Amino acid sequence: MTDDSYQIHTPVLLAEVLSCLQPQAGENYLDATAGYGGHADSILTQTGNYADSVVVDRDARAITTLETRFKDVGLAIRHEDYYAAASHLVEEGRQFDMILADIGVSSLHLDEAVRGFSFANDGPLDMRMDQRVATTAAHLVNSASEDELINILARYGEEPKAAKVARLIIAARPLQTTAELATVVKKAWPGHSRVHPATRTFQALRIAVNDELGQLERSLPLWHKLLKPGGRLAVISFHSLEDRVVKQFFAEQGGDFFDASLKILTKRPLTASATEIVSNPRSRSAKLRAAVKIKTK
Ligand SMILES: C[S@@+](CC[C@H](N)C(=O)[O-])C[C@H]1O[C@@H](n2cnc3c(N)ncnc32)[C@H](O)[C@@H]1O
């Protein structure tokens, strides 16, 4: 990846994000997962408020890209996970008109074999979005107990044969590469299947290595705090486990009860149009939920 890779990256559900967030001139913005900066660029171009806005990513390459894209405009670019960033922003007493979290992996991770997210591109079993963190997928695969592996595979991968896959992994240890792991998982699912059987195991390990659901569960209440009254929050998720967490938080805060603190803008999650899916196949699984803060809690 080069630092100008943002020029070929298309942000998902951009029109839908803009219609939910409704950026107005002068408003400030927090992007919790800025990535290549595609959404951020569109929003900040409309508001013109760089100086009071913040973009965050836990991936060092994303940060380099953001620094190139938003050079000399006074935008704060933070290399942190979004939960740490939100905690710091709450401590600093900051508030925002708009917050976007476009969570999950980006092509930045999947396309680089060395990052170890993909079994299509053989690489080391890494999967860390933030390479400053100690635990890699190899650590989990090679040192977790059988029960821990079963739990990770069943909970985060919804793998129906979690026990069998865990046993096969343990018998084949140590495993070092993504292709080795994919070959072992395939043994639990002989015969043809539409989706490669290792897909669920890779999702599970990635979620565990990056504490993806924990980050989301802990951050939603902080993002809520960080919104000004009338501020808008949009979250794009890429699998049902994440979407469930967002849906539940919105339901708790945004029902019809008298002290609801969010007005839900998306009764059902917004998804990509057929045209967007053709031009950007990864948008197929994207789900956008958005809400407006109706009062301070
Ligand atoms: C789908 S990409 C975002 C793309 C971005 N919206 C754009 O328009 O270019 C997701 C990004 O979120 C980052 N990310 C995922 N989980 C994160 C977390 N917990 N904290 C901070 N960044 C995270 C990833 O490193 C990745 O760069």
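**Entry 1: helix α10.** I began with the length of α10, whose 12 residues should span 16 Å at 1.5 Å a residue; the end C-alpha atoms are 16 Å apart, which agrees. I note here that the model is a predicted one. I then looked up burial along α10 and found the helix mostly covered, with 11 of its 12 residues buried. I listed the buried residues as A198, R200, T201, F202, Q203, A204, L205, R206, I207, A208 and V209. I next asked what covers the buried residues of α10. I found that the cover includes α6 (137-143), α7, α8, α9 (178-186) and α11 (212-226). I also checked the backbone just after α10, where D211 takes a positive phi of about 45 degrees.

**Entry 2: helix α7.** I turned to α7, one of the elements that cover α10. I recorded residues 146-157 for α7, 12 in number, with 15 Å from the first C-alpha to the last. I compared this reach with the 16 Å expected at 1.5 Å a residue and found it close. I looked up which residues of α7 are buried and noted L149, I152, L153, Y156 and G157. Viewed down the axis of α7, these buried residues fall within an arc of 105 degrees, so I describe them as lining one face of the helix. I then traced the packing partners of the buried residues of α7 and found α8 (162-172), α10 (198-209) and α12 (240-254). I checked the backbone just after α7 as well: E158 takes a positive phi of about 50 degrees.

**Entry 3: domains.** I looked up how the protein chain is divided and recorded domain 1 as 5-108 + 213-293 and domain 2 as 134-209. I noted 30 Å between the C-alpha centres of domain 1 and domain 2. I then asked how many residues of each domain are in contact with the other. I found four residues of domain 1 in contact with four residues of domain 2. On the side of domain 1 that touches domain 2, I recorded three nonpolar residues, one polar residue and no charged residues.

**Entry 4: ligand shell.** I examined the surroundings of the ligand last. I recorded 23 residues around the ligand, the closest being P11, T33, G35, Y36 and G38. By class, I noted nine nonpolar, nine polar and five charged residues in this shell. I also looked up which elements contribute to the shell, and found that α2 (38-47) and β2 (54-57) each supply at least two of its residues.

Key:
Residues numbered from 1 in each chain as written. Predicted model: local features only at pLDDT ≥ 70, side-chain atom pairs only at ≥ 80, totals over all residues. Near = placed C-beta within 6 Å. Helix = DSSP H or I, 4+ residues; strand = E, 2+ residues; numbered from the N terminus. Nonpolar A, V, L, I, M, F, W, Y, C, P; charged D, E, K, R; others polar. Expected span 1.5 Å × (residues − 1). Buried ≥ 20, exposed ≤ 12 C-beta atoms within 10 Å, placed from the backbone. Arc of directions from axis to C-beta. Contact = placed C-beta atoms within 7 Å. Domains from an automatic or database assignment.
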